[in-house]
Amino acid sequence: MPITPATATHNPSNGTADAILLELVDEDGVTIGTAEKLAAHQPPGQLHRAFSVFLFDEYGRLLLQQRALGKYHSPGVWSNTCCGHPYPGEAPFAAAARRTFEELGASPSLLAEAGTVRYNHPDPESGLVEQEYNHLFVGMVQAVLRPDPEEVASTAFVTPPELAERHAKDTFSSWFMTVLDAARPAVRELTGESAGW
C-alpha cells in the first residue's frame with residue numbers, strides 16, 4: 001500500500017494497532033471531527049464520510065462482490081464493487097482506489113467521480129447503522145481479480161437483467177440500491193445506453 005500522511009498511522013506493517021478512525025461530517029460533507037469506526041456505526045449512527053465504487057468490464061457488466069463471512073458488518077451479502085471509508089485526511093478518490101486494490105487485487109483502469117449521496121440505513125442483522133455521506137465513483141476494470149478472502153467471499157459480473165434476477169433471490173447490502181441509483185447517471189455516461197443501466 002502506498003504510504004501517505006493519511007495512511008502512515010494505519011499501515012499494518014508499521015507494527016501499530018491503532019483504532020480505525022472515520023471522518024465525521026456535517027450535512028454538507030464538511031469535516032467536523034473523527035470517531036472510532038465501530039462507535040460511528042452504533043445506533044443512531046454518526047454521519048461520516050464513505051465511498052462506493054462501481055466498476056464495469058468492457059461489455060458494460062457491473063462487478064459485484066459478496067462480502068466475506070467474517071466481516072463484522074453485513075457479512076455474506078452482495079454489494080457494489082467496493083465500498084469503505086477514507087482515513088481522516090485521505091481524499092475519497094485515493095481511498096476508493098486504495099481499497100479497490102486491497103479488496104480485489106486489481107486497480108481500476110479508469111476511475112471518475114460520480115457525485116455524492118447521503119443516507120441512513122440501519123442493518124437489521126447486526127443492529128449497526130450506516131449514517132453516511134457517500135462519495136460515488138465509476139470506472140473500468142480490466143485486470144485479473146485476486147480477491148482478498150478476508151474481505152471478499154465471491155465476485156460476479158452482471159448485466160442489468162442478471163442483477164435484477166440476483167437482487168430478487170440473494171441478500172444485498174442495505175445501501176446497495178441507494179448508491180446504485182445515485183450513481184446511475186454517471187454509470188450510463190460510462191457504459192452507454194446500450195448497456196441498459
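Modeller: We can go through the record, the active site, the cores and a few local details in turn. Keep in mind that this is a predicted model.

Biologist: Good. Which residues does the UniProt domain annotation cover?

Modeller: The unreviewed UniProt entry puts "domain: Nudix hydrolase" on residues 46-183. Over that stretch the chain is 22% helix and 38% strand. The end C-alpha atoms of the stretch are 23 Å apart.

Biologist: And where does UniProt place the "active site"?

Modeller: At Cys83 and Glu132, again from an unreviewed entry. They are spread over 50 residues of sequence, yet they cluster in space, with a largest C-alpha distance of 11.5 Å.

Biologist: Take Cys83. Which strand does it lie in, and what is it in contact with?

Modeller: Cys83 lies in strand β6. Leaving aside neighbours within four places in sequence, Cys83 is in contact with Phe51, Ser52, Arg67, Glu103 and Trp175.

Biologist: Is Cys83 buried or exposed?

Modeller: Buried. Its relative accessible area is 15%, and the cut-off for buried is under 20%, so Cys83 qualifies.

Biologist: Now Glu132. Where is it, and is it buried or exposed?

Modeller: Glu132 is in strand β8. It has a relative accessible area of 4%, so it counts as buried. Not counting residues up to four places away in sequence, Glu132 touches His41, Leu47, His48, Ala50, His85, Val117, Arg118 and Tyr119.

Biologist: How accessible is Cys82?

Modeller: Cys82 is at 0% relative accessibility, so it counts as buried.

Biologist: Switching to the inside. What makes up the largest nonpolar core?

Modeller: It has 25 residues. Phe54, Leu62, Leu64, Leu163 and Phe176 have the most contacts inside it. β3, β4, β7, β8, β9 and α4 (176-191) each supply at least two residues of this core. α4 gives the most, with six residues.

Biologist: Pick one of those. What does Leu62 touch?

Modeller: Beyond residues up to four places away in sequence, Leu62 touches Phe54, Leu55, Phe56, Thr81, Ala156, Phe157, Val158, Phe176 and Trp197.

Biologist: What is in the second core?

Modeller: The second core is separate and has 13 residues, including Cys82, Ala95, Leu104 and Ala106.

Biologist: Let's look at helix α2. How does its span compare with what it should be?

Modeller: It agrees. Helix α2 (residues 92-104) has 13 residues, so at 1.5 Å a residue it should span 18 Å, and its end C-alpha atoms are 18 Å apart.

Biologist: Which residues of α2 are buried, and what covers them?

Modeller: The buried ones are Pro92, Ala95, Ala96, Arg98, Arg99, Thr100, Glu103 and Leu104. Their cover includes β3 (48-56), β4 (62-67), β6 (82-84), β7 (110-122), β8 (129-140) and β9 (152-158).

Biologist: What about Thr100: what is it in contact with?

Modeller: Thr100 is in contact with Val53, Leu55, Cys82, Gly105, Ala106 and Pro108, leaving aside neighbours within four places in sequence. It is at 1% relative accessibility, so it counts as buried.

Biologist: What happens just after α2?

Modeller: Gly105 sits there and takes a positive phi of about 70°.

Biologist: Now the start of the chain. How do β1 and β2 pair?

Modeller: Strand β1 (residues 21-25) and strand β2 (residues 31-36) pair in the antiparallel sense over five bridges. Leu24 stands opposite Gly33 in β2. The two strands form a hairpin with five residues between them, and Gly29 in the turn has a positive phi of about 80°.

Biologist: How covered is β1?

Modeller: Mostly: four of its five residues are buried.

Biologist: Last one. Where is Gly127?

Modeller: Gly127 is in the loop between β7 and β8. At 36% relative accessibility, it counts as partly exposed. Its C-alpha atom is separated by 9.1 Å from that of His73, 54 residues apart along the chain.

Terms used
Residues are numbered from 1 along each chain as its sequence is written. This is a predicted model: local features need pLDDT of at least 70, side-chain atom pairs count only at pLDDT 80 or more; totals for chains, interfaces and linings use all residues. Side-chain values use heavy atoms; hydrogens and water are left out. Buried means under 20% relative accessible area, exposed over 50%, partly exposed in between (1.4 Å probe, protein chains only). The expected span of a helix is 1.5 Å times one less than its number of residues. Contact means heavy atoms within 4.5 Å. Two strands pair if DSSP finds at least two bridges between them. UniProt positions are given in the numbering used here, feature names are shortened, and annotations may be inferred rather than shown by experiment. A nonpolar core is a set of buried Ala, Val, Leu, Ile, Met, Phe, Trp, Tyr and Cys residues joined through side-chain atoms within 4.5 Å.
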